[in-house]
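Good morning, and thank you for coming.

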Amino acid sequence: MLFSYAFIDYAFINLYFALIFYAIYKRDTKFLFFVLFLFAINANIFNYEIGGKPRGYFLDVLGTYFLIFSPFVFVYYVYTLYKGAFLQKDIIYYISALTFLLSILLSFRQHIRIDDYAPFALIYIIYMVKIFLNSYRVRLPQFRRGYKIIFSFLFGSLILFDIAIFLNRYTPAKNLSNSFYFIKPIVKILKDKKIDYIACNNKYLCKSLYFYGINKGEEFYLKYSKSEQKVSIFHKKRKIYEINVSNLNTL
């Protein structure tokens, strides 16, 4: 499976990067050379580039991790990664910890695709729960009250945060989000107006439109203003439609 991953997607270079350090830790020379070989193949096929001037994407990446875990659970996740460094480290720890650190380090210099890193970081949740339960069980029942409070707080914040994300589109908080909750109704409007080819002022918005069947083109241009919550459609630099996305039915 490790060999096949090298030909599937460039995101697996993060897996090979972590396994290199794991092989060094285990002093497994054969496995080290094998992983280095796969690392080279993957890097050569997909031409993974690291570069650019420092632009401060760190907060964006950190905020995305906050969304994935929920803020307080993420803080505990980082704590368990730190605590795991002093315990017996296995392959799961190396994959999660090094992938997470790599995503943070690269975010200081360039914009990264979080979905290339998050899946490897998320697998440590199993150990996060294990570390919590180990700390809970070694204490006598009368001394477990603090851990019960921590668990209730973390689990409660996780549920509340997920509900808040789900209801985000229906509240003024949507103005703080970069998520394009209005994609489907915009696509319907475009198709009703026989607009099948379009370009955008936001590449991520365009990718979402392309996913739903709108193709890339230059004749029509879509401009999204986050501050005004409006989408303007231009035909040969002339505005032909303006849509207030806050009034769209996004269900």
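I shall speak about a sheet, a disulfide and a pocket.

This is a predicted model, in which local features need pLDDT of at least 70 and side-chain atom pairs count only at pLDDT 80 or more, while totals for chains, interfaces and linings use all residues. Residues are numbered from 1 along each chain as its sequence is written, and side-chain values use heavy atoms, with hydrogens and water left out.

Let me start with the sheet. Four strands make an open sheet in the order β1-β2-β3-β4, with mixed pairing. Strands here are DSSP runs of E of at least two residues, helices are runs of H or I of at least four, and both are numbered from the N terminus; two strands pair if DSSP finds at least two bridges between them. β1 (197-200) and β4 are the edge strands, each with a single partner, so one side of each has no neighbour in the sheet. On average, neighbouring strands are turned by 35 degrees against each other, direction ignored. For such angles, axes are lines fitted to C-alpha atoms, for helices over the stretch in contact, and values run from 0 to 180 degrees between N-to-C directions.

In which sense do β1 and β2 pair? They are parallel, over four bridges, with β2 covering residues 215-225. Within this pair, Ala-199 stands opposite Tyr-221. Strands β3 (residues 230-235) and β4 (residues 238-244) are antiparallel over six bridges, and Phe-234 faces Lys-239 of β4. These two strands form a hairpin with two residues between them, and Lys-236 in the turn has a positive phi of about 55 degrees.

Helix α11 (residues 203-211) lies across β1 and β2, at about 160 degrees to β1, where contact means heavy atoms within 4.5 Å.

I turn to the disulfide. The whole structure has one, a disulfide being a pair of cysteine sulfur atoms within 2.5 Å. Cys-200 is joined to Cys-206, S to S 2.2 Å. The torsion about their S-S bond is about 90 degrees, so the disulfide is right-handed.

Finally, the second largest pocket holds about 240 Å³. A pocket is an open set of points on a 1 Å grid over the protein atoms alone, where a 1.4 Å probe fits, with protein on both sides within 12 Å along at least five of seven lines; lining residues have an atom within 4 Å of a point. Points are joined across faces, edges and corners, and the volume is the space filled by probe spheres set on them. α8 gives the most to this lining, with five residues.
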